[in-house]
Amino acid sequence: MFSSKHSYISLMWPICIHPMNKNILITWNLLHDPKKFLLNDINKIRDYLCFKKNSFKEDIPISMIHLNRSPIVISNLKVLSSNLMFRYKFDLNCAFKNIKCASSILNNTYIWKKIFLDYKINNSDLELNIDEELYNNFISKKDNFKLAILRSMSPKKLSNVNFCFENKKLEELIFLYRARNFIETLSYKELKRWKKYRISRFYNKKNNLYNINMFYLEIESLLKKANEHDTKILNALLMYGKSITQKI
């Protein structure tokens, strides 16, 4: 998240909670002038925050702190002695000036609502990858109890049980769990659903989702500069990619 120049830490200013994920705090790096934020195109900021395009990191000094992943955050500035300030190359005076600017420019709810509301409207038909949405909400005690029962069931029995979860995402996850581990228990209708899901994941060209063609291109690029040991690993990955897509 932060460069080695500042020993991988920084002085951050909390902006707001991510409007689409309450477990994420959007923060500004106070080593950068917040006026820089206004120079960025709003679409570029949206792409960085919604699609995590890391190529913009230098242009947009915004970090998303995941509160449910035990981030290391220290609120007391007294832990930073003058020696540490010098070591980490922190200019505290500059940071305090940036706070004043940040509080007026960045803590503007309208800007953030516009960024995320436009994203939500423009992507209302976007099919989210359920596997990557696990951290959005915690699972309730009731759902956890049902999952414990579910894990003790045989694959055959699992295919005949319909759990009513409070978190509806779990129903999709259970289907994927069965398809990946017990494909022989899927009905004809479920097999068609599984094939459709795999096609959408492997060959999706929309919304910057990582697909199989991007995977192959990345492997080919890495092979050009790989040593003998890495070449074996990359070729094994290449074969794996082909093996899971050949039957589609």
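Student: Why is strand β2 (residues 24–29) largely enclosed by the rest of the structure?

Tutor: The model is predicted, so local features need pLDDT of at least 70 and side-chain atom pairs pLDDT 80 or more, while totals for chains, interfaces and linings use all residues. Residues are numbered from 1 along each chain as its sequence is written, and side-chain values use heavy atoms, leaving out hydrogens and water. Strands are DSSP runs of E with at least two residues, helices runs of H or I with at least four, both numbered from the N terminus. Buried means under 20% relative accessible area (1.4 Å probe, protein chains only), and β2 is largely enclosed because the buried residues number 5 of the 6.

Student: Which residue of β2 is the bridge partner of I17?

Tutor: Strands pair if DSSP finds at least two bridges between them. Strand β1 (residues 12–17) runs antiparallel to β2, joined by 5 bridges, and the two form a hairpin with 6 residues between them. In β2, the partner of I17 is L25.

Student: Which residue in β3 stands opposite W28?

Tutor: Strand β3 (residues 62–66) is joined to β2 by 5 bridges, and these strands run antiparallel. Opposite W28 stands I62.

Student: How is α8 oriented relative to α9?

Tutor: Axes are lines fitted to C-alpha atoms over the stretch in contact, with angles from 0 to 180 degrees between N-to-C directions. The axes of α8 (residues 169–181) and α9 (residues 188–203) come within 11 Å and cross at roughly 95 degrees. Angles of 65 to 115 degrees count as roughly perpendicular, so α8 relative to α9 is roughly perpendicular.

Methods: Buried means under 20% relative accessible area, exposed over 50%, partly exposed in between (1.4 Å probe, protein chains only). Angles under 35 degrees count as roughly parallel, over 145 as roughly antiparallel, 65 to 115 as roughly perpendicular and the rest as oblique.
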